[in-house]
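These are my notebook entries on one protein model. I set down what I looked up, topic by topic.

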Amino acid sequence: MNQTGITARDLFHLKSVTDPKLSPDGSMAVYVQTRIDEKTEKYISNLYMFSLITNETKQWTFGDNRDTSPAWSPDGKHIAFLSDRSGKKQVHIMGSIGGEARQLTHFTNGATTPIWSPCSTKLLLSTALKKGETLDTAEENEWSKEIHRYDRIKYKWDGRGYFDHLYHQLVIVDVLKNESVVLTDNGVDHLPNAWSPDGLHIAFVCGDADKSDDELFSDIFTMEVETKSLRKVTNSTGFYKDPKWSPNGEYLSYIGHDKEFAGATLSKIWLYTFFDQTTQCLTDGWDVEIGDSAIGDFQIGAVDPGILWTNDSQGFYFLISDYGNTGVYYGSIEGAMYPSILDAQHIYGLTIDPESHRAVVAISTSVHPGDLFTYNLTNGDKEQISFVNEDFLKDKHVSLAEPISFPAADGLTIHGWIIKPARLDENQKYPLILEIHGGPHMMYANTYVHEFQTLANEGYAVLFTNPRGSKGYGQDFVNACRGDYGGMDYSDLMAGVDYALATYDFINAEDLGVSGGSYGGFMTNWIVGHTNRFKAAVTQRCISNWLSFYGVSDIGYYFTEWEIGGDIVHSAEKLWHHSPLKYVGNVETPLLLLHGERDYRCPVEQSEQFFVALKRQNKEAVLVTFPDETHEVSRSGSPKMRLGHIEEIKGWFNKYF
């Protein structure tokens, strides 16, 4: 049988499975399955249930809406979840044996992921309120009809928009009485995270309303629910998240770092002991990133579970990012760390039975968009339990990403992959596309990337690497590009191209393309201003001018200081030196610029500046913008725009090769 390759429009036929959650007795697993309706071009997410006893799968919720974030009640009788079926995301609840879902919250500004109390009668969550508002007085936001006035640096957020005076406040909802109590009321967002085992306290994450502009941090707090008295666990020196109690109530674990290397600092695991109020870093000296740092464009709504305690309170499971893979480790309260799953794959979801150490994991590889597997974490036994794309992919050729490694100019070893053209003929020559990831402190991984597969099907070899600055290769490596954007990181990328040309005879050295998004967009702009070896380039949601980025990005002022090493007042020359716009006169490569019009992370003016400078010189350039799309246009943007984004990339390269 002749198989066809992956096309851009196959996005409308592939399904995504995410966020598995095991029932308290370990017999059932609920998860989210997402597809795109080809007629309406909208995402549809429903809950599905898998029985580990009968090996049967049943659809649990129905309708053309987004049902997400399932959570089992500790007694196993109910499942709470978020649904936008009423217009905004609200908490719904249904029996674990099925039946009709009941809408639990009717908050004006919607609700966030629900967290059950140990007694299964209450839910902890948050909702957005203006300062002084209550759930009864909250009104629909009419921000667009008002004059906009700002007195703080943080006046916009990518994906959230311009400052609307709404802050997420903690709420407890009594499921039986259908009553809600707001616990907080101040000018800062609160992220609810966990209940104590006795149900008397909650843990959450927030900053400081008075210092949030200038002193960048997030702290861990606990609150006694009855009195609302607070205990601050961290000391406002870094970024912390995911506080969770040990089952015996003696410890509080959390993840984060003290910003030793600013935004390039690897996350660690911390343990707070309530008895003597001491804190210990359990992973100090372990040169590994905690959590999932993989970049992809397919798994919609993937959730990093953070710390998952075992019932004996002696240890926990968690995800790590290492050498282009994500794996599962077990950690003990003494600080010993043991690998449980370490394979060439991307684990993008994890749930455990804290008693039996059985797990359900969501796994993707370069040739597998993603499915769920049961996993015995004590002996490694593994069995696939979802097959959501099996029928569609049986007639499709998905191109394998082959791992490569090569030396950098200064001797560092750089890791990456190459995807060969889908219908490779060793007697022919093919163009090569260099892809560059964003962050830069993230990593490409052994995971499915729809854009790469589309290009491979068009007859391109795709090279993607993790140059210095990427996570997964230790603290020194991830910190190595700070202050040197366009220096050795650029050299690493060119070394990858040189390696591919020297190693693979089927690549045509005259037919090279380059593309990347965010930091990868910066680097694409930098590359075309420093070499003419590429015949065509596509820059996505790019940075071109650090001087303007400093003031227009939602993270511009501190990100620029952290990553480039200067501010606009004292270091303008340094910011300009690292700006691709400075070198725009050197560009000879035809450039396509793709940008979301509501991107506040790398605002569209970054592409506009570069585009105008190129056109003013009569250089070959095209600017394509995507209405209402944010920085996430190619990952979680509207299906129509995601499809258009890939088609633009494909069409541009096809024009020149």
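**Entry 1: salt bridges.** I began with the rule that a salt bridge is a side-chain nitrogen of Lys or Arg within 4 Å of a carboxyl oxygen of Asp or Glu. The model I searched is a predicted one. Side chains of opposite charge can pair when their charged atoms come close. By this rule I counted 19 salt bridges.

I looked up Asp554 and Arg601, which form a salt bridge with their closest N and O atoms 2.7 Å apart. The two residues belong to distant parts of the chain, 47 residues apart: Asp554 is in the loop between helix H6 (546–552) and helix H7 (556–563), and Arg601 is in the loop between strand E40 (591–596) and helix H9 (605–616). I noted Asp554 as buried, at a relative accessible area of 8%, and Arg601 as partly exposed, at 27%. I also recorded a network in which salt bridges with shared partners join Asp410, Arg468 and Asp492.

Next I took the pair of Asp498 and Arg533, whose closest N and O atoms are 2.9 Å apart in a salt bridge. Asp498 is partly exposed with a relative accessible area of 41%, and Arg533 is partly exposed with 27%.

My last pair was Lys21 and Asp19, a salt bridge with 3.5 Å between the closest N and O atoms. Lys21 is partly exposed, with a relative accessible area of 26%, whereas Asp19 is buried, with 7%.

**Entry 2: cysteines.** How many disulfides does the count come to? I found zero disulfides. Cys602 counts as buried at 2% relative accessibility, and Cys206 is buried at 8%.

**Entry 3: the second largest pocket.** Rolling a probe the size of a water molecule over the atoms shows where empty space is left. I read off about 370 Å³ of space for the second largest pocket. Its lining has 18 residues, and Lys122, Ile172, Trp195, Val225 and Glu226 are the closest to the pocket's centre. Strand E14 (166–174) and strand E15 (179–182) are the elements that give two or more residues to this lining. The largest share, three residues, comes from E15. I sorted the lining into eight nonpolar, three polar and seven charged residues.

**Entry 4: strand E7 and its partners.** Is strand E7 (residues 78–83) mostly covered or mostly uncovered? I found five of the six residues of E7 to be buried, and so noted the strand as mostly covered.

Strand E6 (residues 67–72) pairs with E7 in the antiparallel sense over four bridges. Trp72 stands opposite Ile79 of E7. The hairpin of E6 and E7 has five residues between the strands, and Gly76 takes a positive phi near 75° there.

E7 also pairs with strand E8 (residues 90–95), in the antiparallel sense and over six bridges. The bridge partner of Ala80 in E8 is Ile93. In the hairpin of E7 and E8, with six residues between the strands, I recorded a positive phi near 120° for Gly87.

Key: Residues are numbered from 1 along each chain as its sequence is written. This is a predicted model: local features need pLDDT of at least 70, side-chain atom pairs count only at pLDDT 80 or more; totals for chains, interfaces and linings use all residues. Side-chain values use heavy atoms; hydrogens and water are left out. A disulfide is a pair of cysteine sulfur atoms within 2.5 Å. Buried means under 20% relative accessible area, exposed over 50%, partly exposed in between (1.4 Å probe, protein chains only). On a 1 Å grid over the protein atoms alone, a cavity is a set of points where a 1.4 Å probe fits but cannot get out, and a pocket is an open set with protein on both sides within 12 Å along at least five of seven lines; lining residues have an atom within 4 Å of a point. Grid points are joined across faces, edges and corners, and a volume is the space filled by probe spheres set on the points. Ala, Val, Leu, Ile, Met, Phe, Trp, Tyr, Cys and Pro count as nonpolar, Asp, Glu, Lys and Arg as charged, and the others, Gly among them, as polar. Two strands pair if DSSP finds at least two bridges between them.
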